[in-house]
Amino acid sequence: MRPVQLSRRALLAGGAAALTACSASGPDRPAAPAPDSPETVMLKGLIAEKERTIALYSSLISGGADKLVPFRDRHQAHLDELRRHVTVPSPPVAAPGSAAPSPTAKARKPSLARLRELERKAAAGRARALGGLSPGVAQLVASIGACEAAHVVALPRSL
C-alpha cells in the first residue's frame with residue numbers, strides 16, 4: 001500500500017483550520033461584572049469619604065487633640081455600619097515608609113476649622129443623597145447627616 005500524499009495546499013488549509021479551531025476553543029471568558037447600582041455607588045463614595053474624615057481626625061488626635069476621640073469614634077461607627085451594606089475591596093497595604101503624602105495633604109494642614117467645614121459640607125450633602133435610596137439606607141444616611149450637623153456645633157473651639 002502506498003502512503004497518501006497531501007498537497008501543499010491541502011496541508012496549509014488543514015493547518016489554518018486547526019489553528020482556528022484551537023483559538024476558538026478554550027475556556028469561556030467570564031462575563032463582565034454587573035455595574036454597581038446607584039445606591040451602591042453612593043455608599044462606596046460615602047465609605048471613602050468617612051475613611052478620609054477618620055484619617056483627618058486621627059491626624060489631629062495623634063498630635064495630642066484627645067478631645068476629638070469621641071468625634072472620630074462616631075465616624076468609625078458610621079463607617080462600620082455603612083460597610084455592612086456594601087462590599088468594598090480592601091485597599092492594598094503599602095510597605096512601611098513607602099507612601100508619600102499627597103500634594104493636597106501637604107497644602108491643607110489638619111485643623112479644627114477644616115474639620116468643622118468638612119462636617120458642615122458633609123451634613124448638607126446628606127439630604128441631597130437621599131433620593132432613590134432604599135428606606136433603610138436612606139434612614140442610615142439621614143442619621144449620619146444629623147450626627148455630622150451636631151459635630152459642627154459640638155467641635156471644640158480650641159484644643
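Select Glu148 and Lys50 to begin: both residues are buried, where buried means under 20% relative accessible area, exposed over 50% and partly exposed in between (1.4 Å probe, protein chains only). This is a predicted model, in which local features need pLDDT of at least 70 and side-chain atom pairs count only at pLDDT 80 or more, while totals for chains, interfaces and linings use all residues. Residues are numbered from 1 along each chain as its sequence is written, and side-chain values use heavy atoms, with hydrogens and water left out.

Glu148 forms a salt bridge with Lys50 (a side-chain nitrogen of Lys or Arg within 4 Å of a carboxyl oxygen of Asp or Glu), and the closest N and O atoms are 2.8 Å apart. Because Glu148 lies in helix H6 and Lys50 in helix H2, the pair ties together parts that are 98 residues apart in sequence. Helices are DSSP runs (H or I, at least four residues), numbered from the N terminus.

Next, select helix H6 (135-154). Its buried residues include Val137, Val141, Ile144 and His151. They pack against H2, H3 and helix H5 (112-129). At 1.5 Å times one less than its number of residues, the 20 residues of H6 should span 28 Å, which agrees with the 28 Å between its end C-alpha atoms.

Now display the largest nonpolar core, which has 14 residues. Such a core is a set of buried Ala, Val, Leu, Ile, Met, Phe, Trp, Tyr and Cys residues joined through side-chain atoms within 4.5 Å. Helices H2 (38-62), H3 (69-83) and H6 each give two or more residues to this core. Which residues does Met42 contact, leaving aside its neighbours within four places in sequence? They are Ala129, Leu133, Val137 and Val141, where contact means heavy atoms within 4.5 Å. A second, separate core of 10 residues includes Leu60, Ile61, Leu68 and Phe71.

Move on to Glu81 and Arg84, whose side chains meet in a salt bridge (2.9 Å, N to O). Glu81 is partly exposed at 26% relative accessible area, whereas Arg84 counts as exposed at 65%.

Finally, colour the model by pLDDT, the predictor's confidence in each residue, from 0 to 100. The protein averages 82. Among its elements, H3 has the highest mean pLDDT (97) and helix H4 (residues 103-107) the lowest (45). Over residues 97-107 the pLDDT stays under 50. Where pLDDT is low, the predicted coordinates should not be read in detail.
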